[in-house]
Amino acid sequence: MKNFTARQGVLAFVVLALVFLPLLSSDTFVLRVVTEAVMWVGLAIAFDVIAGYTGYLNFGHGAFFGLGAYTVGILMMKAELPFAVALPAGGAVAALAALIAGFPTLRLKGAYFAIATWALSRAIQQLALNMDITGGPDGMRLDAFLNPQFFYYLMLGAVGGTFLVLWYLLERAPFGLKLKAIREDEEGAKALGLNPTMLKMQSFILSAIPTGILGGIYAYWITFIDPSSTLGDLVSDQAVVMVVFGGMGTLFGPAIGALLIFAFKTVFWAYLSKFQLLYLIILGALIAVSVVFMPNGLWGTMLKRRNTVRREPEAP
Amino acid sequence: MHEPFLKVDAVTKCFGGLTAVNNVSFQVQKGEIVGLLGPNGAGKTTLFNVISGYYAPTHGSITFSGRDISGMPPYKLAALGIGRTFQVVKPFAGLTVLENVLIAAFLRYPKRADAERHAWNILDKTGLTDRANVTAAGLTLAGRKRLEIGKALALEPTFLLLDEVVAGLNPTEADKTVELIMQLKNEGMTILIVEHIMRVIMNISDRLVVLNFGEKIAEGTPAEVSRNPLVIEAYLGEAAA
Amino acid sequence: MELLPQALVDGILLGGIYITIAIAFSLTYGVMHVIDFAVGEWIMFGAFTGFYLNKWTGLDPFIFLPVIFVMYFVIGYLVQPIIHRVLSGTKGNPFLMGLVFTFGLAIMFRGLALTVFGYYSNSIPSMFSEGSFNFDNYGISITIPYVRLVGLVYALSITAILHYMLKKTNFGLGVRALAQHKDAAGLMGVNSKRTGSYVYGIYVGISAMTGVLLGCILSIGAQMGNEYTIFAFFVVVLAGMGYLAGVPWAALLLGMVQSIFMIYFNPSHTLLAVFVILYIILLVSPRGLFGKGV
């Protein structure tokens with residue numbers, strides 16, 4: 001019981017610190033960095049729904065982010081809709097994309113899904129590069145709304161809400177266990193009354209919606225989007241590394257992975273901006289090394305160590 | 001005439017050029033234990049997979065409680081009341097024993113608290129209570145076989161397909177499992193069972209269906225079947241015939 | 001309409017080259033049961049190796065093909081045990097981890113290439129680059145650059161060698177056994193680890209060699225890998241995952257699509273067309289054109 005309250009204490013402290021941060025620091029750089037860090041936590045936990053809990057790798061997670069961003073951009077700039085209308089639409093478009101991509105591939109083996117999602121993300125990037133409405137390779141500019149506090153709280157609210165919803169669905173409600181059953185043994189799960197295709201679809205859509213919404217907030221916040229920043233492979237690649245490094249199949253693992261990787265990225269780009277490409281090498285190497293030496297990720301390895309230490313005296 | 005509980009009607013299953021089950025028909029009445037017998041490769045597991053919806057029959061049909069279920073997916077059959085175990089046990093290795101049973105319990109009890117209560121009852125029945133929080137990967141073979149039965153039972157089925165739940169157990173463990181099966185029968189469960197251990201299947205089955213090379217070669221009470229020359233030949237080879 | 005014969009011939013010549021990559025790629029999947037996301041990056045590395053060898057020595061890149069094959073065979077042979085280790089792990093889901101691992105490799109290789117080679121696009125000069133074979137009769141006019149003819153000869157020889165290796169040698173028998181049933185092959189005395197290393201080595205070697213050809217015929221750049229990874233996926237999904245006999249047809253179709261888009265439509269829409277076809281196949285016949293994939 002002691003352990004549990006300690007964790008609750010840490011959690012409460014983090015939440016309070018995040019809520020009051022804008023009052024504590026008036027430095028816009030700090031606020032900006034924390035806003036983006038929070039965003040990455042959201043992207044990582046959303047990725048983990050389908051990858052870690054369900055066992056299907058989506059190597060094109062960034063496509064949902066980009067779709068959300070472009071939907072908000074296009075609806076606000078071309079259709080002149082307010083942000084409050086455009087943002088949910090961003091989530092809806094991402095969900096629709098998940099439906100379209102998932103329908104043919106989620107009936108098949110995981111390799112097909114990994115290929116198809118990765119290919120889809122490339123396809124969407126190609127589409128954005130070749131269309132007029134997206135501004136092609138030049139991207140598009142949104143009307144600036146310069147209120148860092150607004151975006152900070154919006155991002156925090158969106159990610160906090162996502163975290164709570166996912167925590168309830170995956171860790172409390174039956175849904176999470178059902179997904180894990182599919183991850184562990186799809187054929188066996190069928191005999192227990194589970195419809196794997198349906199559950200995978202729900203999981204994929206659940207992963208897509210928050211990602212699209214975060215993309216939409218990002219677009220309005222940064223006010224400029226182009227195919228390489230929002231639809232390029234960096235978003236997907238970072239999501240993969242955060243989750244694999246942090247620990248798949250949990251919510252805290254990806255969150256911790258996201259914070260560590262993002263902190264590293266921020267420092268790296270601040271001091272070593274000449275070697276940006278080196279960052280890509282490190283990302284790739286980190287993925288490969290994590291897989292070989294730490295297949296449960298940072299969080300999973302920590303949990304395992306704690307459990308074995310606690311369990312040993314009980315063993316007969 | 002009274003409709004049989006399960007009716008397997010002229011079922012054939014082919015894989016490419018290979019006919020694994022050929023024109024097999026039999027019936028199971030409510031409350032009966034029917035044993036499915038046959039040498040290795042006789043098509044028992046294939047037939048199980050057809051009945052439980054893992055394969056669609058190439059020809060023929062399967063009727064369950066008066067309803068044609070041929071080609072229905074396994075998860076729908078589970079909802080209709082058909083539970084099954086796998087010869088090669090399929091525990092969710094990374095999850096705990098309780099969670100394994102819980103997943104099946106959700107079918108009848110969508111609320112977590114109800115499902116947990118039900119799952120604990122099942123664990124009690126299958127003798128797994130003290131292993132509830134161990135991951136399924138950490139169970140012995142006997143434990144994993146009992147977990148298989150527990151998961152199937154958590155579905156609250158009316159019809160149970162048991163695929164070699166005794167084979168590989170030591171005599172004490174085997175007796176426990178047989179006891180469980182008899183208890184289920186007394187509670188009114190209908191069971192179709194595949195088993196290699198003759199002592200077990202001869203004792204618990206009301207009737208036997210014998211397959212060889214994918215075809216049904218005999219059907220009847222254990223006493224009748226054990227006198228059938230075709231069965232003796234299939235088991236002992238032509239030399240004995 | 002007079003461009004159609006040209007488009008078809010171009011498509012066949014290009015598709016022929018893709019056959020070599022796709023067979024090796026499909027073979028690797030069959031034996032290791034993992035999709036290699038770094039396939040395009042191996043091609044890219046091979047292309048750059050050819051480019052620099054040519055630059056430093058002034059010799060024709062085709063002369064270096066055997067050297068490049070041996071080099072990359074060794075690299076692949078050395079990398080495979082790591083993948084094998086990941087796949088035979090007991091923690092987590094090894095298959096998932098294998099996919100993640102090759103995905104990580106691909107990112108790392110792309111970063112490495114961008115760092116070393118930059119964003120420039122180039123092509124590899126060869127003695128076959130100039131000059132072409134012209135056919136102008138019966139109202140049909142076709143131009144075939146010599147380098148593409150060399151590509152065809154290359155593709156045919158590699159395919160023939162692979163075919164011979166698979167069907168006639170003991171090693172090939174082991175490979176096919178592994179592809180069909182891993183455990184059974186192990187019982188028959190096939191060493192899955194060593195066979196896997198050889199197959200992966202061969203695949204990396206062939207991909208690198210083919211990279212040189214693609215560099216001579218089309219162009220090279222540090223980011224070329226992405227496109228070829230998609231092409232490799234396209235071919236194996238179209239053929240049916242793990243179904244080798246379907247590979248040539250799928251590869252030829254890919255070459256055809258590419259050349260038709262180059263001549264008739266906007267070449268930058270080629271990838272989109274590839275995606276649309278891929279999607280339709282997955283939707284209608286997920287086991288490939290012939291319905292024989294796994």
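1. Let's start with the hairpin in chain B. Strands E9(B) and E10(B) form a hairpin with two residues between them, and B:Phe213, in the turn, has a positive phi of about 50°. E9(B) and strand E10 (residues 215-220) run antiparallel and are joined by five bridges; two strands count as paired if DSSP finds at least two bridges between them. One spot to look at is B:Leu211, whose bridge partner in E10(B) is B:Lys216.

2. A quick word on what you're looking at. This is a predicted model, where local features need pLDDT of at least 70 and side-chain atom pairs count only at pLDDT 80 or more, while totals for chains, interfaces and linings use all residues. Residues are numbered from 1 along each chain as its sequence is written, and chains are lettered from A and ligands numbered from 1 in the order in which they are written.

3. Back to E9(B), which has another partner. Strand E3 (residues 33-37) of chain B pairs with strand E9 (residues 207-212) in the parallel sense, over four bridges. Look for B:Val34: its bridge partner in E9(B) is B:Arg207.

4. Chain B also has an open sheet of four strands, in the order E2-E1-E4-E5, with antiparallel pairing. Strands E2 (18-28) and E5 (67-68) are the edges, each pairing on one side only. Helix H1 (residues 44-51) of chain B packs on this sheet and touches E1, E2 and E4; its direction makes about 65° with that of E2(B). Such angles run from 0 to 180 degrees between N-to-C directions, and axes are lines fitted to C-alpha atoms, for helices over the stretch in contact. Inside the sheet, E1 (residues 6-15) and E4 (residues 59-64) of chain B are paired by five bridges in the antiparallel sense, and B:Val8 stands opposite B:Ile62 in E4(B).

5. B:Asn23 has a positive phi of about 50° and is not a glycine; its place is in strand E2 of chain B. Is B:Asn23 buried or partly exposed? With 14 C-beta neighbours inside 10 Å, B:Asn23 counts as partly exposed. (Buried means 20 or more other C-beta atoms within 10 Å of a residue's own, exposed means 12 or fewer, and partly exposed is in between; C-beta atoms are placed from the backbone.) B:Glu164 also has a positive phi of about 50° although it is not a glycine. B:Glu164 lies in the loop between strand E7 (159-163) and helix H6 (171-186) of chain B, and is buried, with 21 other C-beta atoms within 10 Å.

6. Now for chain C and its helices. Helix H1 (residues 4-32) and helix H5 (residues 146-168) of chain C pack at an angle of about 30°, with their axes 8 Å apart. The residues of this contact divide into eight nonpolar, four polar and one charged. (Ala, Val, Leu, Ile, Met, Phe, Trp, Tyr, Cys and Pro count as nonpolar, Asp, Glu, Lys and Arg as charged, and the others, Gly among them, as polar.)

7. Helix H8 (residues 192-217) of chain C has 26 residues that should span 38 Å at 1.5 Å a residue, and its end C-alpha atoms are 37 Å apart, which agrees. The expected span is 1.5 Å times one less than the number of residues. H8(C) is mostly covered, with 21 of its 26 residues buried. In helix H9 (residues 224-239) of chain C, 14 of the 16 residues are buried, so H9(C) is largely enclosed by the rest of the structure. Just after H9(C), C:Gly240 takes a positive phi of about 100°.

8. Finally, how do the chains meet? The contact between chains A and C takes 35 residues from chain A and 39 residues from chain C; two residues are in contact if their C-beta atoms, placed from the backbone, lie within 7 Å. H5(A) gives the most to the side of chain A that touches chain C, with 12 residues. Elsewhere, 24 residues of chain B are in contact with 16 residues of chain A, and the chain B side divides into 17 nonpolar, two polar and five charged residues. No contact joins chain B and chain C, whose closest C-alpha atoms lie 8 Å apart.
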